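Good morning, and thank you for making time for this presentation. Please look at the sequence and the structure on the screen before we go through them together.

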There are 2 protein chains.
Amino acid sequence: MYLKNHLFLKVNRKMDSFDLSSYLFSKQKQVNRTIDEIIDQTTNSSVVVSAMRHSLLAEGKRIRPVLCIAASQAVGGRTEDVLMAACALEMIHAYSLIHDDLPAMDNDDLRRGKPTCHIAFNEATAILAGDALLTLAFEILSSIDLNPIKINDAVKWLRVINIIAKAAGYKGMIEGQIKDIAAEGNRIGLKDLEKMHALKTGALIEASISTGAILGNGSVEQIQQLNIYAKNIGLAFQVIDDILNVEGDPAVMGKDVGTDQVREKSTYPSILGIEKSKEFAKNLVNNALQALDYFDNKSDPLRAIAHYIIDRKK
Amino acid sequence: MYLKNHLFLKVNRKMDSFDLSSYLFSKQKQVNRTIDEIIDQTTNSSVVVSAMRHSLLAEGKRIRPVLCIAASQAVGGRTEDVLMAACALEMIHAYSLIHDDLPAMDNDDLRRGKPTCHIAFNEATAILAGDALLTLAFEILSSIDLNPIKINDAVKWLRVINIIAKAAGYKGMIEGQIKDIAAEGNRIGLKDLEKMHALKTGALIEASISTGAILGNGSVEQIQQLNIYAKNIGLAFQVIDDILNVEGDPAVMGKDVGTDQVREKSTYPSILGIEKSKEFAKNLVNNALQALDYFDNKSDPLRAIAHYIIDRKK
């Protein structure tokens, strides 16, 4: 307990000097600019390019790219060395949203206040735009300059591709979506809920952090600690999402609240109640922060993100 | 002209001693067995696994895996070194068929005499099974054992991932499907038809052959010659497909003929007429065979496949 308090004092002290908003803004800008350059509309007028850009360049937190960059930084890496991986992770996230929104899945017309891809274009184009973003992610993950001096980098990138593919695949994110669909209208227990989130959102968040740590040349121990951080903030993020759906401000969030209850969705608040859910989220964030105790102040962005996850209003 | 005749005599002589049926059978069996092991139903009862297996293990020519293996062999490589890549190529092909068959795309209920994935399961599962196969392809392409002794292999596999992702992506196969959908009900010219096929089927066939050649440690010149072979047989395959849709035997083909005309699809026969289409296909195959003149008899399987493409009845 003393250790925990001590940790928090340290964290809080450090946090005073770290401006997360500026950090997020600058990293989001770098990611958006790079994505904009990769999927260049000026040289390719295909409808699939417009559809990819429609979804990928929509306003978003860029949480996966930022986590990737921040994890790399925590182990001493540079943003420019992980930027392509960061963009690839956002592409995979965007593809999953496009396909999840389809009529055969969640059938959503709006996302972030904009028409979803199949509404703005059509269903065939949306399916193909999702496919294209997923494929492009692997194209850019494998497109590093392989001049002889960087030959060892190839091993790292291959490892990263494998981690990301596993996280996004049928034993990760895709199985999470299958479980989410199966859970619709069926009450599920806490264990199944946690498993579903660990797969549907947790796996890619963990992969984002591992990717940053590997490309930043983190040690085995550093990567292990960052994995603990990742598992905890991944789940905390989802618990807070559920809480915001109960007591968030629709004006701040830019979307309706109370929808989970209407849909009879199993959520943390519906299973644990709102207070216990908050406590659970707080514990998860504490665990995440504790894992960062292993690092110096280069991990401040990761610390700030953990605080942001629990304090966010949208 | 003399050179061409000379080449053909040589080719014909060689072909006498090469049994393509046994070759195809043995390679298809190896590929099917490996796929069966990779997507293991006994340890994973998820519906998405059943859907992936339904489509991937359906009867098929396995033309892309066989081309990959045969290209590797032509440059002196071994089947076992490219088997994972061969399976990945088939997974990408299978994913593209699942998504192309969806109601929002071609809306096909049957493929190879079996219900399509969205009929056998449902639309959401079919979309996710396609996504899962595409993702799994990149997982297995990046899953080679990276012990230090094989460090140079990482560079080759990274290159292969990049080639396959480009071929399958929005500048390749996906753009081909976009063009195919756009062409429906619109007569298009020869140039646009060729472009559409080069993207929709040609790109992945070329990637299959490049992949085999690279992993088999082919020289730059060998890879160049195999690319010429690939471009020509890729297009020839499509021209023959169009011809079989006009004059094939439904009983042998296991599917209806004349459907292109009913759908008012632009095809080689509809643009060039049947005889000129046959001549065109023959010329393409001749070009492909000529490119193989650069190789010794280890390229016999590729020669036999070129002959098979033009002689096939289904």
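In which helix of chain A is A:N287 found? The residue A:N287 belongs to helix 15 of chain A, residues 274–291. Please keep in mind throughout that this is a predicted model.

Let me stay with A:N287 for a moment. There are 17 C-beta neighbours inside 10 Å of A:N287, so this residue counts as partly exposed; to be called buried, a residue needs 20 or more. Leaving aside residues up to four places away in sequence, A:N287 touches A:I228 and A:N232. A:I240 lies 47 residues from A:N287 along the chain, and the two C-alpha atoms are separated by 16 Å.

I turn now to chain A as a whole. Chain A contains 16 helices and two strands. Its C-alpha trace spans about 60 × 55 × 35 Å along the principal axes. Why can we speak of agreement with a compact globule? For 314 residues, such a globule would have a radius of gyration near 20 Å, and the value for chain A is 19 Å, which agrees. Of these 314 residues, 49% count as buried. Among the contacts in chain A with a separation of 6 or more, 73% are accounted for by residues 24 or more positions apart.

Next, the relation between the two chains.

Let us move to a pair of helices within chain B. In general, two packed helices are described by the angle between their axes and the distance between the axes. Helix 4 of chain B, residues 63–74, packs with helix 16 of chain B, residues 300–311, at an angle of about 140°, and their axes are 8 Å apart. The two helices are therefore oblique to each other, because an angle has to be over 145 degrees to count as roughly antiparallel. From helix 4 of chain B, the contact is made by B:V66, B:L67, B:A70, B:A71, B:Q73 and B:A74, and from helix 16 of chain B by B:P301, B:L302 and B:I305. This contact has eight nonpolar residues, one polar residue and no charged residues.

B:R62 is placed in the loop between helix 3 (47–56) and helix 4 of chain B. Its phi is near 55°, a positive value in a residue other than glycine. Is B:R62 buried or exposed? With 23 other C-beta atoms within 10 Å, B:R62 is buried.

A second residue may be set beside it. A:E264, which is not a glycine, has a positive phi of about 55°. A:E264 is placed in the loop between helix 13 (259–262) and helix 14 (268–272) of chain A. With 11 C-beta neighbours inside 10 Å, A:E264 counts as exposed.

I close with two further loop residues, both in chain B. B:G273 lies in the loop between helix 14 (268–272) and helix 15 (274–291) of chain B, and with 11 C-beta neighbours inside 10 Å it counts as exposed. B:G273 and B:I243 are 30 residues apart in sequence, with 9.4 Å between their C-alpha atoms. B:S17 is in the loop between helix 1 (2–16) and helix 2 (20–38) of chain B. B:S17 and B:T42 are 25 residues apart in sequence, with 41 Å between their C-alpha atoms.

Technical notes: Residues are numbered from 1 along each chain as its sequence is written. Chains are lettered from A and ligands numbered from 1 in the order in which they are written. This is a predicted model: local features need pLDDT of at least 70, side-chain atom pairs count only at pLDDT 80 or more; totals for chains, interfaces and linings use all residues. Helices (H or I, at least four residues) and strands (E, at least two) are DSSP runs, numbered from the N terminus. The radius of gyration is taken over C-alpha atoms; the globule rule is 2.2 Å times the number of residues to the power 0.38. A residue is buried if 20 or more other C-beta atoms lie within 10 Å of its own, exposed if 12 or fewer, and partly exposed in between; C-beta atoms are placed from the backbone. Two residues are in contact if their C-beta atoms, placed from the backbone, lie within 7 Å. Axes are lines fitted to C-alpha atoms, for helices over the stretch in contact, and angles run from 0 to 180 degrees between N-to-C directions. Angles under 35 degrees count as roughly parallel, over 145 as roughly antiparallel, 65 to 115 as roughly perpendicular and the rest as oblique. Ala, Val, Leu, Ile, Met, Phe, Trp, Tyr, Cys and Pro count as nonpolar, Asp, Glu, Lys and Arg as charged, and the others, Gly among them, as polar.
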